[in-house]
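Here is a short briefing on a two-chain structure.

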Amino acid sequence: MSQLRRSLDELEQRADFTRRHIGPSETDKADMLELLGLASMDALIDKVVPAAIRSQTPLALPNGRAEHEVLAEMRTIADRNQVYKSLIGMGYHDCHTPTVILRNVLENPAWYTSYTPYQPEISQGRLEAMLNFQTMVAELTGMEIANASLLDEATAAAEAMTFCLKTGKSRGNTFFVSQDCHPQTIQVIQTRAQPIGVTVVVGDHRQDLAGLDLFGVLLQYPASTGEIYDYTEVIAQAHAQKALVVVAADLLSLVMLKPPGTFGVDVVVGSSQRFGVPLGYGGPHAAFFATKEAYKRNMPGRLVGVSIDKRGDKAYRLALQTREQHIRREKATSNICTAQALLAVIASMYGVYHGPQGLATIAQRVHRLTATLADGLRQLGYDVPTQTFFDTLTVKTGAHTQTVHEAANRQRINLRAVDAETVGIALDETITRQDVETLWALFGNAGSLSFADIENAAGDRIPTALRRDGPCLTHPIFDSYHSETEMLRYMRALADKDLALDRAMIPLGSCTMKLNATTEMIPITWAGFNGIHPFAPLYQAQGYQDLMKSLCKGLAACTGYDDVSLQPNSGAQGEYAGLLAICAYHQSRGEGHRNVCLIPSSAHGTNPASAQMAGLKVVVVHCNESGDVDVPDLRAKAEQYSDQLAALMVTYPSTHGVFEEAIVEICNIVHQYGGQVYIDGANLNALIGVTGGPGKLGGDVSHLNLHKTFCIPHGGGGPGVGPIAVKAHLAPFLPGLGVMAAESTPVGPVAAAPWGSAGILPISWAYVALMGRDGLTEATRSAILNANYIAHRLAPHYPVLYTGPNGMVAHECILDLRPIKESTGISVDDVAKRLIDYGFHAPTMSFPVAGTLMIEPTESESKRELDRFCEAMISIREEIHAIESGAFDPQDNPLVNAPHTTADLTDPEWSHPYSREQAVFPASTTKAHKYWPPVGRIDNVYGDRNLICSCPPLSEYEKVA
Amino acid sequence: MSTSLVLTLIGDDRPGLVDAVSTAIVEQGGNWLESRMARLAGKFTGILRADVPDANAEALIAALRKLDSEGLRIVVEKSAASGAPSGYRVLSLNLVGQDHPGIVHDVSHALASSGINIEELSTECTSASWSGETLFHASARLHVPQELSVDELREVLEELANELMVDITLDDAVTPAV
């Protein structure tokens, strides 16, 4: 026992979270710095970060706090939200998340900390779950093929619009949108159409189509009012005009309704939220996009397909990946490169949990109660103009409207305020018979109504011609796991197939796979946060509004900007919103003709795609040999296009992981020629605290990937959250709040929900609160230390492609494997797959330079894990040496055959020139703790040429089991 | 008057191959015009057009053939220079997809069946960003008969793209290839 009496401050452990979030201990840091030949962390930062951009002042934030304190404050924030029963509908419906799914998926790091399944061999579990999602959506919509989710219903509809433009045979320029679509969908479509010159006509689908120069039509099924229309005629008419037809559909209603696929529509979009995903004040939720087989190559979003591995066994992988390559192109019609994987998994599990009978029971109950409600209201003398419906009614309340809303308010119920004389009511699976009686009472003296009598008499209100005949969800996967034990084990079995952050570091460059701390995650499943409808009145969401205001302030402090919009629900969406702000700013100054966007050749592929969507013309700026922006070329192009220059999009630190010295000069040049500077926030993790943030470097707007820098987990490929931060002059041009906007705004909404994926913002808020001023700065410093430590350890074995003039990297480093490819034929893919045998997820492959690996360790990985990774990479280099020296056959060695599975290990025919032990236990640590890939190397070409994007028949499962 | 010579060359890659060819051309008063050369799987190979005064044409051909002894095999032909054929429109085709055997064969077969001439073709394999898969890229300049409508051609290519699971785009070739 030490004699030193420690201060009470020390004993209170207020900064304790920082040391838990950051991997290396103080002793580790000292050792790592010594290896780098540096005396201190300060010396490291002095050497790495150019003096011109160093921040002289600490972040304008309070210091960090203990986890229990932050949790207690979050509880008080959640309590300031008032969870009313929201019957507003408009595409958002309360639901019961089955608790077995809540705990074992939504609250389980094995699911939420995994990355997008670009490495399919370590992602079979979530790929199967997403394939279930696709199968479920395809069956319910009656379409041939469905993707593995989009961001929300409104953006899915906007994607459908550009899909029709690209896919259809019509030369028209008009997209017709039924006035019975959800208002937020119409608004997002209008925002999206304007910059690309598409005319949107909103009208009555029964009479307004004729004479339009159409390329596409959007209808809602059932309509936003609740009415179920038979669209047969309008579809025939649209097709006669060569237009494609999109239907936005409600997934639960499709359990009872005739699927849109059967009446010939081309695309079905919608939200799967009510399949077990909490409201979360607007998101995140998984939208879907389903279409015809013939259009598969034009479908936006990720698509899971079935293929075979090297032994010929069934294996899942992302299909038609070359579609993502489109995003590099200036002709892109979409910048979608993320999904809502975690939410799609939950929705698919909801389908597996309930199965066809369970879903039918839920749907019939909701429908029965709605019919009962309607009949009661009519008996009370109200005009219910909705004749046929599933779960949503429109009620003419006339002069009583205000009284009805007030009565609802007293019962803590939200109804939809359609207009001054009409209310809307949308029921959901949580509604009970008592709730229906309560609803009647809002409208008048319901004492005379007998629930039993009315319910008894209430018939089916789905038009006969539009009733589903035959069961939904016929695949056996939806009828196999109905006991909780079976369900529990199914989800566990899938999770066990995958490699997520709960097993090993995921050193993906440009992805910032840092700790998603438990304390940050816990509040997101509290009712106070996840039970709020996105269009609930503001006073019910006071906690959210406070939290978001505080988060915006924190983000502004970290980035050096003045204002923040939290609406964009992915990084790419943020890029798009940021460019719209720039364009609207130019327009407001009478310079709307500015339409050239300069983009360095090293930029992320989504940059040009976003610019295209914002109506900008992309001009590429060259990079020099060291990977930096070629400043003379930038100056020349800025000057050449000075009259048209709208913006520069630049990533900082560069996509090559280097702090470019010239960034301030680059921003000045663009401003000098009248352009605005968009700094892509993908690499923000290297900037916070050690610089003033992108706003202080000269940026006018940036998007921030909260799922990278601010700890929102990747969820196996979404949710992403991409707020944009702007300087004050761009603040008026942030995305409008749409349905919740008090007045019209220069820029419309870019996402369905006014505050985007609000439900997961508590994660980022908690991170900022826990780390505080010093913790956030130390995180940046440690991320830079970890990256340089790895670069230093691996440089003798693999060339590090780009460094700053001081020989240092920023927060990530690129290893050049092209010389190895040249000398041995071993590719980055081979190294990536061999890392699986060592128990690691591969670094980022071939981005931003083909034939390289980009490694970003983040601050959260300990020295021990960094060493384990470095040793694996060094050991792999030795295996490559053995190929170079002729000891290994270039066609038969542990790399080209990787990953090795238990099937390989137990194969009686072992003919390789290396041992079974070397194959599966290449490092001593793997003997104590081994990750076994469930499948071998997957054949992508086979999968794409034999495309199957729904669950294979049951016999396939038996074969593998 | 000068003669136009078209050459193809191939040899084991080593420093000095281009120098050897260019020296022969310069020594005969020739002029190096268009060329494409690349190292492919350890071999250096290329195509080249050079103009040379009529009087020196045979001497140059002989000089080039002599390079055979230095390990560079060269085929030389005199060109009967002709301008672009008439009655054709020029389109550019771009293709990207997962690499697999037979893409060039299937595409060229489909184009030939429609009477389309491939004027230029270049292809490469790269490692796809993020997924690391091998991608096959091709870009071609096509001479398309006037009587074949672009819509018809698009339909042919769309069908092919679905069959091969590749993406094919077709654009007007704005600038002539140099």
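Of the 178 residues of chain B, 23% count as buried (20 or more other C-beta atoms within 10 Å of a residue's own, with C-beta atoms placed from the backbone). This is a predicted model: local features need pLDDT of at least 70, side-chain atom pairs count only at pLDDT 80 or more, and totals for chains, interfaces and linings use all residues. Residues are numbered from 1 along each chain as its sequence is written, and chains are lettered from A and ligands numbered from 1 in the order in which they are written.

**Chain B fold**
- Chain B holds four helices and eight strands (DSSP runs: helices H or I, at least four residues; strands E, at least two; numbered from the N terminus).
- From the N terminus, the order in chain B is β-α-β-β-α-β-β-α-β-β-α-β.
- The C-alpha trace of chain B spans about 50 × 40 × 25 Å along its principal axes.

**Contact between the chains**
- Chain A gives 21 residues and chain B gives 17 residues (in contact: C-beta atoms, placed from the backbone, within 7 Å).
- H33(A) gives the most to the chain A side that touches chain B, with four residues.

**Nonpolar cores**
- The largest nonpolar core has 334 residues (buried Ala, Val, Leu, Ile, Met, Phe, Trp, Tyr and Cys joined through C-beta atoms within 7 Å).
- Helix H13 (residues 341–379) of chain A gives the most to this core, with 20 residues.
- Val246(A) is among the residues with the most contacts inside this core; its partners include Ala157(A), Cys164(A) and Asp266(A).
- A second, separate core of 14 residues includes Leu5(B) and Val52(B).

Note on methods
Buried ≥ 20, exposed ≤ 12 C-beta atoms within 10 Å, placed from the backbone. Contact = placed C-beta atoms within 7 Å. Lists of a residue's contacts leave out its neighbours within four places in sequence.
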